[in-house]
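Please look over the sequence and the model shown here.

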Amino acid sequence: MKQYWLAAGLVMAPLHAGVLVNGGFEDGLNGWTINQDSGSVSIVSQYVGNPYTYNPKEGSHFLEIVPGSSRYVVAAQQSVDLSASTKVSGWAGFNKGTEIDMMEVQVSKDGGATWDQVQYWDSNAYSSVNWTQWNYTATTTGNYTFRFMAENIVGSGSKSVGVFDGVTVVPEPGSAAIVGTILLGGVLVKRRFSKQNR
Ligand SMILES: [Ca+2]
């Protein structure tokens with residue numbers, strides 16, 4: 001019986017490793033690493049932009065990032081262990097200012113310095129954008145860092161604002177089904193054990 005429970009624990013371990021902390025920003029900035037020596041990273045319940053008013057996509061709060069000095073990255077990031085094919089999704093919006101700013105949802109793997117673009121907007125090429133869902137699928141198993149950032153590219157004037165909410169690790173249907181099948185198998189084995197031990 002002890003061997004059975006150990007096996008079940010090992011099977012479930014990869015699922016727990018993928019859990020993201022405070023992906024909806026309902027617990028302040030808990031779980032997120034912040035870089036805001038210039039600009040600002042804050043938790044808000046609403047942002048009134050032009051032409052959109054941003055309300056939380058999930059819960060009652062969300063993340064707001066405002067760029068600061070030129071070429072300074074203002075960001076919030078968090079790393080999670082993901083199995084291959086695991087999908088991560090979230091919401092982002094962009095309120096265009098008069099200066100040239102950019103806003104990105106980025107991901108890097110295993111602490112690498114290269115950031116892949118998941119969502120990108122800048123105030124030169126884009127108008128304001130209402131809440132938009134982004135998706136990212138891990139190609140291989142590893143440690144992934146998700147970063148929400150804003151940066152002033154050039155000029156001064158009113159700041160653009162990036163808003164982010166509802167970051168979730170979506171359970172991969174295939175692996176969840178496999179785990180379920182294994183657990184069901186374990187229950188059947190357990191029942192058989194019980195009958196034999198009577
Ligand atoms: Ca939220």
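Helices (H or I, at least four residues) and strands (E, at least two) are DSSP runs, numbered from the N terminus, and two strands pair if DSSP finds at least two bridges between them. The model is predicted: local features need pLDDT of at least 70, side-chain atom pairs count only at pLDDT 80 or more, and totals for chains, interfaces and linings use all residues. Residues are numbered from 1 along each chain as its sequence is written.

Five strands form an open sheet in the order 1-6-11-8-9, with antiparallel pairing. Strand 1 (33-35) and strand 9 (116-122) stand at its edges; each has a single partner strand, so one side of each is left without a neighbour in the sheet. On average, neighbouring strands of this sheet are turned by 15° against each other, direction ignored; the axes behind such angles are lines fitted to C-alpha atoms, for helices over the stretch in contact, and angles run from 0 to 180 degrees between N-to-C directions.

Next come the pairings inside the sheet. Nine bridges link strand 6 (residues 74-82) to strand 11 (residues 142-154) in the antiparallel sense, and Gln77 has Arg147 in strand 11 as its bridge partner. Strand 11 also pairs with strand 8 (residues 100-109), antiparallel and over ten bridges. Here Met102 has Glu151 as its bridge partner, while Met103 stands opposite Ala150.

Strand 8 is mostly covered, with seven of its ten residues buried. A residue is buried if 20 or more other C-beta atoms lie within 10 Å of its own, exposed if 12 or fewer, and partly exposed in between, with C-beta atoms placed from the backbone. Strand 8 runs antiparallel to strand 9, joined to it by six bridges; Gln106 has Gln117 in strand 9 as bridge partner.

A nonpolar core is a set of buried Ala, Val, Leu, Ile, Met, Phe, Trp, Tyr and Cys residues joined through C-beta atoms within 7 Å. The largest one has 24 residues, of which Leu63, Ile65, Ala76, Phe148, Val163 and Phe164 touch the most other members. Two or more residues each come from strand 5 (62-66), strand 6, strand 7 (87-95), strand 8, strand 11 and strand 12 (161-170). Strand 5 gives the largest share, four residues. A second, separate core of nine residues includes Val88, Tyr144, Phe146 and Val167.

Which residues does Ser38 contact, leaving aside its neighbours within four places in sequence? They are Gly68, Ser69, Tyr72 and Val74, where contact requires C-beta atoms, placed from the backbone, within 7 Å. Ser38 lies in the loop between strand 1 and strand 2 (40-44). Ser38 counts as partly exposed because it has 16 C-beta neighbours inside 10 Å. Val73 is 35 residues from Ser38 along the chain, yet their C-alpha atoms are separated by 8.1 Å.

Note on methods: Contact = placed C-beta atoms within 7 Å.
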